[in-house]
Amino acid sequence: MRKILLFLFPIFLFAENLKTILEYAHQNNNLIISAKYAKEAKSEIVESKKSSYFPTIDVGGFYENKTNTTYFQIPDTYGAYSKISLNIYDGGMSKARLNESKNEYLAASYDESEMKKSLSLEVVRDFFEYKSLEAHLKAKEDAKKSIAEQLERVKRFVEAKLATQDDVQRLQAAYDTTLYEMESLTFEILSIKKHLELRVGKKLQNLEDSSFDEADFLDIEEADAIKSLLYKQNAMLQSAEAIESIYYPTINFQDTYSYYGYKNIESNHPAKIDYQNIATLTLNMRIFDYGAQKEVKKSLLLSSKAINEEIVYKTDEQKMYHELSIIRLNSAKLKIKSANSALDASKSAFETISKKYSAGIVDYVVYLEALSASTNAKALYKRSLNDMQVAYAMLYYYSGKKIEEYIR
C-alpha cells in the first residue's frame, strides 16, 4: 500500500485544477502582461497631467561673445539664472487633458479586465475539450482491450479449426482501425494541450476534474469591453474640450533671476550689472487660425459618435449571447439525459451481445457494431458533461461575471 501511495504521489503533486490554472494565466499570460503595462503607462500619463497644475523651475547658464560692440555694450558676458513659471489660467486645457488621461486609464483598466475574462473563457473551452478528448481516448482504449481479447480467442479457435482465418483478419482490421483512431485522438489531445499551455503560460501536467456552480439565470452586467468603449468615448470628448480651450485666453506668470559675470571690462562700466530679476505676466489669446483646431474638434466628435454606435452594437450583442447562453445551458442539460440513456442502453446491449458472440450465436459484425456503439456512447456522455461546464462558463462570461469566481 505504501508503494502505491509513493507511486501516486508525483501525480497528485503536479495535478492542477481549472481555478489554479486560471489564476496562473492571469498573472503570466503575455497578452495580459502587455495589457497591464499599457494600463500602467496610462497611469503615469495621469500623474504627468496632474503636474501641469504646479509651477515649473528651470536653471541654466550662458556665455555670450559680441563683436563690433559700442561703448555701452560688453563683448564677453557669462552668467547663471533660475526661472519659475506658472500657468495661472489656460482656458481649461489642463483640466480637460487631465480628465482625458483619467478616462484613458480607466479604459485601459477595463481592457485588461476584459482580456482576463476573455482568456478565462478560452482556457475553459480548451480545458474541457481536453477532458472530452481524454475520455474519448479512454473509451477507445477499453474498446481496444475488448477487441484484443476477442482476437486472441478467435486465434485459438482457428488453431482448433473452430473458426476461419477470415474471422481473425476482420477482427485484426477492427483492432488496427482502433489504434489509428487512438493515434489521431492522441495528436488532438497534444494539440489542445499545447494551445492551453500557450494561454496559461507554462507546461501543464495532470489536469484535475473541475466544475462550475450551477445557475440557470444571472442578471446581466455591462461587459468590461463596453465599459472600456464608454471611457474611450469620454476621453475623446475631453480631448475635444481641450481643443476648444485653445480659443480662450491664457495667463502665464514667469519670474527669472539672473547673475552676470564679465571679462576684461572696467568695474564702473555703464552696462555692467551684477544681477537682475525679471517678473513677467503675459496674456495670450488665439483669434484666428483658419479654423484648423475647429476641424480637429469636429473629427474628435465624429470619432466619438462612431464609438457610440459600437457601444450600441456591443450592448445588443452581449444581450443576444446572454440569451443564447441560457438556451445553450438548457440544451446541454437535455443532451446529458439523452446521452446517459444512450450509454445505459449501449452498455446493456453490449453485455448481451458479447455473451451471445462468445456463445457463437451472433457473428463478429454484430459484436463490433455493439462495441462501437458502446464506445461512442461513453465518449458522448463524457462530452455532454463537459459541454455543460462550458455552457455555464459562457453564461457567466456573457453575464459580465468573472468565470473563476464560480468554479467549485
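Is Asp 111 buried, partly exposed or exposed? In this predicted model, Asp 111 is partly exposed, with a relative accessible area of 30%, where buried means under 20% relative accessible area, exposed over 50%, and partly exposed in between (1.4 Å probe, protein chains only). Because the model is predicted, local features need pLDDT of at least 70 and side-chain atom pairs count only at pLDDT 80 or more, whereas totals for chains, interfaces and linings use all residues. Residues are numbered from 1 along each chain as its sequence is written, and side-chain values use heavy atoms, with hydrogens and water left out.

Asp 111 forms a salt bridge with Lys 232, the closest N and O atoms being 3.4 Å apart; a salt bridge is a side-chain nitrogen of Lys or Arg within 4 Å of a carboxyl oxygen of Asp or Glu. Asp 111 belongs to helix H4 (residues 93-159) and Lys 232 to helix H6 (residues 224-244), so the pair ties together parts that are 121 residues apart in sequence. Helices (H or I, at least four residues) and strands (E, at least two) are DSSP runs, numbered from the N terminus. Lys 232 is likewise partly exposed, at 35% relative accessibility. Over the whole structure, 27 salt bridges are found.

A further salt bridge links Lys 227 to Asp 224, with 3.9 Å between the closest N and O atoms. Both residues lie in helix H6, where a spacing of three residues separates them by about one helical turn. Lys 227 counts as partly exposed at 23% relative accessibility, while Asp 224 counts as buried at 4%. In helix H7, Lys 314 and Glu 317 are also three residues apart, about one turn of the helix, and their side chains meet in a salt bridge of 3.9 Å, N to O. Lys 314 is partly exposed, with a relative accessible area of 29%, and Glu 317 is partly exposed at 24%. Salt bridges that share partners also join Lys 117, Asp 224 and Lys 227 into one network.

Just after H4, Lys 161 takes a positive phi of about 60°. H7 has 67 residues and reaches 92 Å from its first C-alpha to its last, close to the expected 99 Å. Gly 360, with a positive phi near 80°, follows H7. Within H7 (residues 292-358) lies Ser 304, which is buried, with a relative accessible area of 5%. Setting aside residues up to four places away in sequence, Ser 304 touches Gln 233, Met 236 and Leu 237, contact meaning heavy atoms within 4.5 Å.

Strand pairing was examined next; two strands pair if DSSP finds at least two bridges between them. Strand E1 (residues 56-65) pairs with strand E2 (residues 76-89) in the antiparallel sense over 10 bridges, and Ala 80 in E2 is the bridge partner of Gly 61. E2 in turn pairs with strand E3 (residues 250-262), again in the antiparallel sense, over 12 bridges; here Ser 82 has Tyr 257 in E3 as its bridge partner. E3 and E4 run antiparallel and are joined by 10 bridges, with Ala 279 in E4 as the bridge partner of Asp 255. Of the 10 residues of E4, the number buried is zero, so E4 lies largely in the open.

The loop between E3 and strand E4 (275-284) contains Ile 265, which is partly exposed, with a relative accessible area of 24%. Ile 265 touches Ile 74 and Lys 272, not counting residues up to four places away in sequence. The C-alpha atoms of Ile 265 and Asn 330 are separated by 98 Å, although these residues are 65 residues apart along the chain.

A nonpolar patch on the surface is formed by Ile 88, Tyr 89, Tyr 248, Phe 253 and Leu 281, with about 510 Å² of accessible area together. Patches are made of residues with over 30% relative accessible area and no salt bridge, like charges being joined within 9 Å and nonpolar side chains (Val, Leu, Ile, Met, Phe, Trp, Tyr) within 5 Å. Accessible areas come from the Shrake-Rupley method with a 1.4 Å probe, and for residues only the protein chains shown count as cover.

Definitions and conventions:
The expected span of a helix is 1.5 Å times one less than its number of residues.
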